[in-house]
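I opened the model and kept short notes on what I looked up. The entries follow in the order I made them.

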Amino acid sequence: MSELRRLSAKDVEELRVLLRVCWLDTYTGLLSDSVIQTTLNVWQSRESLLRGLRNPRAYYAGWVDGGRIVGMVSAGMIDPTKMKVFQMYVLPSHQRKGIGSRLMDSAVQHFPQARSATLEVTEGNAKGISFYRKYGFDYPGTTLVEIDGERVPCLVGKMDLHR
Ligand SMILES: CC(C)(COP(=O)(O)OP(=O)(O)OC[C@H]1O[C@@H](n2cnc3c(N)ncnc32)[C@H](O)[C@@H]1OP(=O)(O)O)[C@@H](O)C(=O)NCCC(=O)NCCS
C-alpha cells in the first residue's frame, strides 16, 4: 500500500537514510566529495533535519510504500506570495513512477497563497532539471550556492502558479 503523508520528527532517522542514499546517487561525480560529506554531515545532520521537521511553517511530506519512506519533498514560503521547494528526492529504485510529481502537487496545494514557485537545481543534474522542466518550471537564471567554501553552480527554476 502507498500513501503520501506529512513527515514529523519521528521520521528523522528514516529521512536521513533516504537523503543519504539519494544524495550519493545524484551527486557522486557531479560535486566534490567534501561538498557531499559536508552536506550529509552538517546540512542533513539529525539536528538540522529535526529543526526543519519541527518548523511549523515548513512542509515536509513523504511517499510511503509498504511502510517505508521512498520519496520526500520539503518546501516553504519565502515571501508572502512565493514558495520555494527546498528538497525533492525519490529513491533510485522508485523513480519514474509518478512519485515526484505527486509530491510536487502536494507541496503546491499546501501553500494556496503562493502565486509562484522557485527552486535551485545543481547544473549537470539532468534528472532534476528534466523533471522540473516537465512540471512547468523555466530556468531564467543561475546562482552560486556556497557549500564548504566551494561555489556550486545552480540553475534557478521559476514557475507561475495560475490560480
Ligand atoms: C527528480 C526526481 C525527484 C523525479 O522524481 P520521479 O518520481 O522520478 O518523477 P516522476 O516519475 O513524477 O517524473 C515526472 C516526469 O519528469 C521527467 N523525468 C523524471 N525523471 C527523469 C529522468 N531521469 N530523465 C528525464 N526526464 C525525467 C519525465 O518527463 C517524467 O515524466 P514521464 O516519466 O511520463 O516521462 C527524481 O528523479 C530524483 O529523486 N532525482 C534525484 C534527486 C534530484 O535530482 N532531486 C531534484 C533536485 S533537488
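Predicted model: local features only at pLDDT ≥ 70, side-chain atom pairs only at ≥ 80, totals over all residues.

H5 lies across strand E5 (116-122) and strand E7 (150-160). I read the angle between H5 and E5 as about 165°.

Next I traced the sheet. Seven strands form an open sheet, and I noted the order as E1-E2-E3-E4-E5-E7-E6, with mixed pairing. Strand E1 (2-6) and strand E6 (138-147) are the edge strands; each has a single partner strand, so one side of each has no neighbour in the sheet. From one strand to the next, the twist averages 25°.

I then looked at one pair in detail. Strand E2 (residues 59-65) and strand E3 (residues 68-79) run antiparallel and are joined by seven bridges. For Trp63, I found the bridge partner in E3 to be Gly71.

Then the ligand. Which residues are closest to the ligand? I listed Gln95, Gly100, Ser101, Gly128 and Ser130 as the closest, out of 19 residues that surround the ligand. Helix H1 (12-27), strand E4 (82-90), helix H4 (99-110) and helix H5 (126-135) are the elements that give two or more residues to this shell. H5 gives the most, with five residues. By type, I noted seven nonpolar, eight polar and four charged residues in the shell.

Last, I checked H1. H1 has 16 residues and spans 22 Å from its first C-alpha to its last, close to the 22 Å expected at 1.5 Å a residue. Gly29 follows H1, and I noted its positive phi, near 90°.

Methods:
Residues numbered from 1 in each chain as written. Near = placed C-beta within 6 Å. Helix = DSSP H or I, 4+ residues; strand = E, 2+ residues; numbered from the N terminus. Nonpolar A, V, L, I, M, F, W, Y, C, P; charged D, E, K, R; others polar. Expected span 1.5 Å × (residues − 1). Pairing = 2+ DSSP bridges. Axes fitted to C-alpha atoms, helices over the stretch in contact; angles between N-to-C directions. Contact = placed C-beta atoms within 7 Å.
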